[in-house]
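Colleague: Before I plan around this model, I would like to hear on what grounds each label has been given. Could we take the labels one at a time?

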Amino acid sequence: MLAKLATWVFDLGQPTGWWAAGCRNPAFKGPGVGYAGPMKTLLITYHSRTGGSRQMAQAAAEAARGADEVEVRLLEAEAGCASDLLAADGYLFVCPENLAAITGEMKAFFDRAYYPVLGQIEGRPYALMVCAGSDGENAVRQMARIATGWRLKAVAAPIIICTHAQTPEAILAPKRLDETALGRCRDLGAAMAAGLALGIY
């Protein structure tokens, strides 16, 4: 499984390097192909209003759990805090774009955690996913600026899934993402888990 996941890491064009730090779970689970040390943790923090971002986060988590050497935590932004970030080795941040910005709940998570972890998570890998009606770039830029302030390392291009919802009714309606969109999220989750498991970042 790890060998297959590793091909996804390189297919996605990930940079290589040694950035992992601050293991949450030091339990050793046995040797494996390219195994780099204690078990690593991938934290997937998300907020969702109409279900799209939740499906993206869940798809990424499902695929990431294929790497036995990585613990995957799926965390709603409302419940997240600084200790969750400190306990993880890599991050996937997922949210909708509302009015050309990240949602208030996702912003509140970053507000709570920003200063308590500043200077303590530098160099750890991260990636972004956004569910948007038609754009998503502003939400990506907003989260990327926060990650830059933390000195995190981007290891994949952001994923933006556009639902093309434009009317008030369509915007507020529950979302159901297709398999093509969810497949992109699964690939990213699997790649991040493989990179952590193999010690690539």
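Modeller: Let me start with the salt bridge, which here is a side-chain nitrogen of Lys or Arg within 4 Å of a carboxyl oxygen of Asp or Glu. Please bear in mind that this is a predicted model, in which local features need pLDDT of at least 70 and side-chain atom pairs count only at pLDDT 80 or more, while totals for chains, interfaces and linings use all residues. Residues are numbered from 1 along each chain as its sequence is written, and side-chain values use heavy atoms, with hydrogens and water left out.

Colleague: What makes D111 and K107 a salt bridge?

Modeller: Their closest N and O atoms are 2.9 Å apart, and the limit is 4 Å, so the pair qualifies. Both residues lie in helix α4, four residues apart, about one turn of the helix; helices are DSSP runs (H or I, at least four residues) and strands likewise (E, at least two), numbered from the N terminus.

Colleague: Why is D111 called partly exposed?

Modeller: Buried means under 20% relative accessible area, exposed over 50%, and partly exposed in between (1.4 Å probe, protein chains only). D111 has 48% relative accessibility and therefore counts as partly exposed, and K107, at 33%, counts as partly exposed too.

Colleague: Which residues are linked with R186 in a network of salt bridges?

Modeller: The network links E62, E179 and R186. The closest N and O atoms of R186 and E179 are 3.0 Å apart; E179 is exposed because its relative accessible area is 53%, whereas R186, with 24%, is partly exposed.

Colleague: Are R73 and D84 buried or exposed?

Modeller: Both are buried, and they form a salt bridge with closest N and O atoms 2.8 Å apart. R73 is in strand β2 and D84 in helix α3 (residues 82-86), 11 residues apart, and the pair links distant parts of the chain.

Colleague: How do you know that α4 is roughly parallel to α5?

Modeller: The axes of helix α4 (residues 104-117) and helix α5 (residues 137-149) come within 12 Å and cross at roughly 10°. Angles under 35 degrees count as roughly parallel, over 145 as roughly antiparallel, 65 to 115 as roughly perpendicular and the rest as oblique, so α4 is roughly parallel to α5. The contact (heavy atoms within 4.5 Å) is made by M106, K107, F110 and Y114 of α4 and Q142, M143, I146 and G149 of α5.

Definitions and conventions
Axes are lines fitted to C-alpha atoms, for helices over the stretch in contact, and angles run from 0 to 180 degrees between N-to-C directions.
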